[in-house]
Amino acid sequence: MSHDELSQDPQHPVFPDDFSTDPDRRVPPPGDLGDVDDRFVFDFRAYDDDLEDGQRWSTWLSVEPLCRGPEPLPDWVVTSQGAIDTELGVLKTGKEADVHLVERADPRAPDAGVVMAAKRYRSPEHRSFHRAASYTEGRSMKRSRDERAVKRKSTFGRQVAAGEWAVSEWAALVRLWNLGLPVPYPVQIDGTEILMEWITVVDEDGTVATAPRLAQTRPSPELLASYFEQLTEALATMVQNGLVHGDLSAYNILAAGERLVVIDLPQIVDLVGNLNGMTFLERDCANICGWFRSRGLDVDEHALFAELMAHAF
């Protein structure tokens with residue numbers, strides 16, 4: 001093939017006649033790129049490989065795309081490959097999982113860092129959820145070997161169970177977020193760890209703190225009524241999509257100022273596919289209405305259940 005023919009073949013780019021491969025060719029001084037094509041210029045920044053105790057490199061690019069949060073990403077999500085995750089302490093402990101605070105920030109852009117909640121399910125020490133069999137009614141595992149191990153409650157089975165609960169909560173968070181429901185934004189899942197939005201409030205002195213649970217609040221009558229309306233709308237959207245929280249109470253709802261955020265979703269069940277779906281929904285209504293009545297709001301769980309059934313069918 002001639003030189004002219006090569007120059008027209010996109011698979012065989014031709015360098016200019018004056019291109020030099022001589023190792024002693026002139027290298028432009030820093031800042032003087034001469035005629036170098038901008039497409040071949042990038043900003044190289046070196047990072048210190050030494051991490052302190054309680055730190056790790058960001059796992060954002062280590063997980064599969066489906067293990068990252070839904071698009072569009074909120075502008076606070078840090079995706080830099082040079083970001084570092086720093087442990088800030090335990091936020092909450094539980095029987096099945098602990099919640100930690102983790103800061104993710106790029107040392108080259110620390111002002112763009114973010115603090116997230118990291119929910120970590122225990123593996124070998126995992127203890128089955130109360131009435132776990134009722135929650136998992138209708139669910140199936142990809143491998144029968146895993147399902148048998150979980151039923152035998154072996155060490156491997158407990159590890160599988162921890163992963164299944166983490167995956168279940170991740171899937172619920174993604175689905176509910178896509179439905180526009182008030183849940184923390186799910187950042188990513190890696191094994192038995194879920195990174196999600198840290199729901200906060202700002203105190204009068206400007207201090208950022210974790211939003212309190214609804215059970216810890218004493219809202220005004222107006223705010224109390226608004227809270228109940230928000231929950232009713234959220235539950236209606238869930239049942240319209242065939243979903244039931246399954247363990248809803250004032251202890252797994254956060255009060256972030258004037259808005260409520262629903263948390264703790266690993267036990268979410270299918271309203272129709274789970275034989276206990278209706279029972280769980282009735283219990284959710286009773287728990288919620290009982291708390292609101294204790295704060296002075298005149299609500300009835302039977303009326304709420306009937307309203308939700310009208311949305312479901």
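How many nonpolar, polar and charged residues does the lining of the largest cavity have? The views below, all taken from a predicted model, begin with this lining.

**View 1. Lining of the largest cavity.** By class, the lining comprises 8 nonpolar residues, with no polar and no charged residues. The residues concerned are L176, L181, P182, V183, A234, M238, V262 and L265.

**View 2. Helix α5, residues 221-240.** The helix has 20 residues and spans 29 Å from its first C-alpha to its last, close to the 28 Å expected at 1.5 Å a residue. Buried positions in α5 are L224, Y227, F228, L231, T232, A234, L235, A236, M238 and V239. Two of these buried residues, A234 and M238, also line the largest cavity. Following α5 is G242, which has a positive phi, near 75°.

**View 3. Hairpin formed by β5 and β6.** Strand β6 covers residues 193-197 and runs antiparallel to β5, to which 4 bridges join it. Within this pairing, I189 stands opposite I194 in β6. The hairpin has 2 residues between its strands. In the turn, G191 adopts a positive phi of about 70°.

How values were computed:
Residues numbered from 1 in each chain as written. Predicted model: local features only at pLDDT ≥ 70, side-chain atom pairs only at ≥ 80, totals over all residues. Heavy atoms only, no water. 1 Å grid on protein atoms, 1.4 Å probe; cavity = no way out; pocket = protein on both sides within 12 Å on 5 of 7 lines; lining within 4 Å. Nonpolar A, V, L, I, M, F, W, Y, C, P; charged D, E, K, R; others polar. Expected span 1.5 Å × (residues − 1). Buried < 20%, exposed > 50% of the residue type's maximum accessible area, 1.4 Å probe, protein only. Pairing = 2+ DSSP bridges.
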